[in-house]
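Colleague: Could you take me through one part of this model in detail, please? I would like a close look at the ligand site and what surrounds it.

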Amino acid sequence: MAYASTNPFNNEVLKRYDNTSDEEIETAIAQGHHLYQTWRNDDVSSRSRKLNDLADYFTEHIDDLARVMTLEMGKLIGEAKEEIALSAHIAHYYANNADDMLKPKPITTAIGSAEVIYRPTGVIMSVEPWNFPFYQIIRVFAPNYMAGNPVILKHASITPGSGLAFEQAVHAVGMPTGSFKNIFATHEQLEHILADKRITGLAFTGSEKVGAVIGGEAASNLKKSTLELGGNDPLIVLDDADLSELNKIIGDSRLANAGQVCVSSKRLIVTEANYATVLDMYKTAFAKIQKVGDPLDPKTQLAPLSSVKAKRHLVKQVNAALENGATLAFGTLDTDENTAHFMPIILTNVTEDNPAFKEEFFGPVGMVFEVADEHAAIDLANNSNYGLSGIVFAGDADHGAEVAAQLETGSVYVNYFNDTLPELPFGGVKNSGYGRELGDEGIKEFMNHELIVKRTKPIA
Ligand code: NAP
């Protein structure tokens with residue numbers, strides 16, 4: 001893929017970028033590896049100040065950084081600013097907490113005294129998608145920087161400006177050379193990078209299809225990987241759910257970031273008792289979207305999709321769903337290929353034999369399912385190839401948590417939307433991938449959990 005920033009609002013190509021040469025990639029790996037050799041002898045806390053500086057840089061440059069993202073992938077400028085603020089929050093969190101998180105873990109053993117210590121392993125290759133151009137990077141970079149693992153980034157070919165802006169921020173705050181390198185690599189170059197013994201892990205976020213390929217490449221080189229892939233998340237509404245609370249999040253749960261969110265609630269599953277009311281509520285929330293247009297205009301309510309290509313794919317999926325018996329319960333399908341805008345629609349009557357039943361729709365398409373009861377809701381939620389996240393709305397939150405525990409997903413939020421916070425581990429099961437980013441689990445993914453055992457008694 002050629003790297004270029006194209007404004008999805010008007011299809012204007014803003015800038016094209018040359019691919020990084022093999023020599024430059026070699027330099028990036030060598031610098032990262034050299035830094036790792038230094039970092040492995042330093043205290044975790046010695047890296048904290050610069051990461052706090054990076055967070056402050058994000059806050060000080062929030063308008064410029066948000067604009068870079070909006071211009072090249074089309075998200076609303078308000079959402080872009082929230083993403084930069086979240087990235088700053090994540091950077092501060094790891095700067096201030098990693099030292100504690102990486103304290104040795106003592107183990108009681110008959111042999112003597114033992115502990116697991118957490119050691120860096122080397123340079124991590126990060127391959128990221130375009131939908132959250134800054135957040136996706138910091139989610140890998142902040143924990144790994146503190147852990148002592150330098151990061152090389154290959155961003156999506158449609159968000160090269162965001163990768164560069166991140167790298168400039170790292171330079172501006174004076175992080176050591178090799179801490180983070182943005183490269184415009186081809187898929188073939190990436191294959192070579194993963195074969196290099198100085199690269200010790202792959203952090204991939206993207207589609208299921210590419211995850212299977214690139215995860216396979218990492219595995220064939222005996223590299224550990226984390227795969228953060230797609231989702232078809234359920235939002236389950238139980239009989240006793242507080243519908244006025246649900247009403248506060250039901251629109252955003254599907255329409256935030258123009259529906260291009262891995263953990264967006266793509267399947268709304270409602271028990272009989274509330275089905276008609278919740279479907280009406282959903283339609284009302286979707287109908288509030290009146291102003292589409294320039295995502296730089298703060299009054300715009302819904303951004304365009306990331307590209308006309310993305311719209312074409314979504315239109316194809318919706319047409320296939322309708323041909324296979326789904327009902328267009330709200331909205332009109334706009335097939336105009338001159339624009340990346342896609343007005344929200346709602347589908348009902350999606351049966352198990354419909355291809356839409358198991359596909360991820362990456363845009364503002366809601367699917368609503370009526371089920372007899374809670375058990376049927378759980379069965380339907382689990383009848384998916386994916387297992388990323390989910391939401392349960394229940395009058396009794398403890399009971400909601402019991403239902404949550406029966407879902408085959410990486411996380412579930414009870415009576416709340418899928419919020420991302422620095423301390424919460426993020427990841428999925430099934431075809432949504434494996435491994436975790438963020439949280440205690442995330443910071444340790446690419447560390448050596450090294451066991452040290454000290455004999456305290458004479459050898460018998
Ligand atoms: P994608 O096509 O899989 O691309 C992701 C990254 O992989 C890009 O950098 C892309 O680069 C690269 N890539 C594509 N084909 C490759 C190949 N053959 N070899 C090596 N690298 C390759 O994903 P996307 O469509 O951009 O992103 C949307 C998907 O990401 C959705 O499924 C969404 O649910 C998922 N996602 C998951 C999470 C999560 O945390 N679980 C978060 C966000 C998004 P090029 O652009 O150069 O092809």
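Modeller: Happy to! One definition to start with: a polar contact is a pair of N or O atoms within 3.5 Å. Please also keep in mind that this is a predicted model.

With that cut-off in hand, let's begin at Ser-207. An N or O atom in the side chain of Ser-207 lies 2.6 Å from an oxygen atom of the ligand, so the pair falls within 3.5 Å and counts as a polar contact. The backbone takes part as well. At Ser-157, a backbone N or O atom is 2.9 Å from an oxygen atom of the ligand. At Gly-206, a polar backbone atom sits 3.3 Å from an oxygen atom of the ligand.

How much of the ligand does the protein cover? On its own the ligand has 920 Å² of accessible area, and the protein covers 86% of that. Among the elements around it, helix H5 (135–147), helix H7 (187–195) and strand S8 (199–205) each give two or more residues to the shell.

Now for the shell as a group. There are 27 residues around the ligand, and those that come nearest are Trp-130, Arg-139, Ser-207, Leu-229 and Glu-360. Sorted by class, the shell holds 13 nonpolar, 9 polar and 5 charged residues. Two domains contribute: domain 1 (3–229 + 432–453) and domain 2 (233–414) each supply at least three residues to the shell.

For S19, the pairing is with strand S9 (residues 224–228), in the antiparallel sense and over 2 bridges. Within that pairing, Glu-228 stands opposite Gly-433 in S19.

While we are on sheets, here is another one to find on your screen. It is open, with 3 strands in the order S3-S4-S20 and antiparallel pairing. Its edges are strand S3 (105–108) and strand S20 (447–455), each with a single partner strand, so one side of each is left without a neighbour in the sheet. On average, neighbouring strands here are turned by 25° against each other, direction ignored. S3 pairs with strand S4 (residues 112–120) over 4 bridges, in the antiparallel sense, and Lys-105 has Val-116 in S4 as its bridge partner.

Note on methods. Residues are numbered from 1 along each chain as its sequence is written. This is a predicted model: local features need pLDDT of at least 70, side-chain atom pairs count only at pLDDT 80 or more; totals for chains, interfaces and linings use all residues. Side-chain values use heavy atoms; hydrogens and water are left out. A residue is near a molecule or strand if one of its heavy atoms lies within 4 Å of it. A polar contact is a pair of N or O atoms within 3.5 Å; within protein, one must be able to donate a hydrogen and the other to accept it, and residues adjacent in sequence count only if both atoms are side-chain atoms. Accessible areas come from the Shrake-Rupley method with a 1.4 Å probe; for residues, only the protein chains shown count as cover. Ala, Val, Leu, Ile, Met, Phe, Trp, Tyr, Cys and Pro count as nonpolar, Asp, Glu, Lys and Arg as charged, and the others, Gly among them, as polar. Domain bounds come from an automatic or database domain assignment. Two strands pair if DSSP finds at least two bridges between them. Axes are lines fitted to C-alpha atoms, for helices over the stretch in contact, and angles run from 0 to 180 degrees between N-to-C directions.
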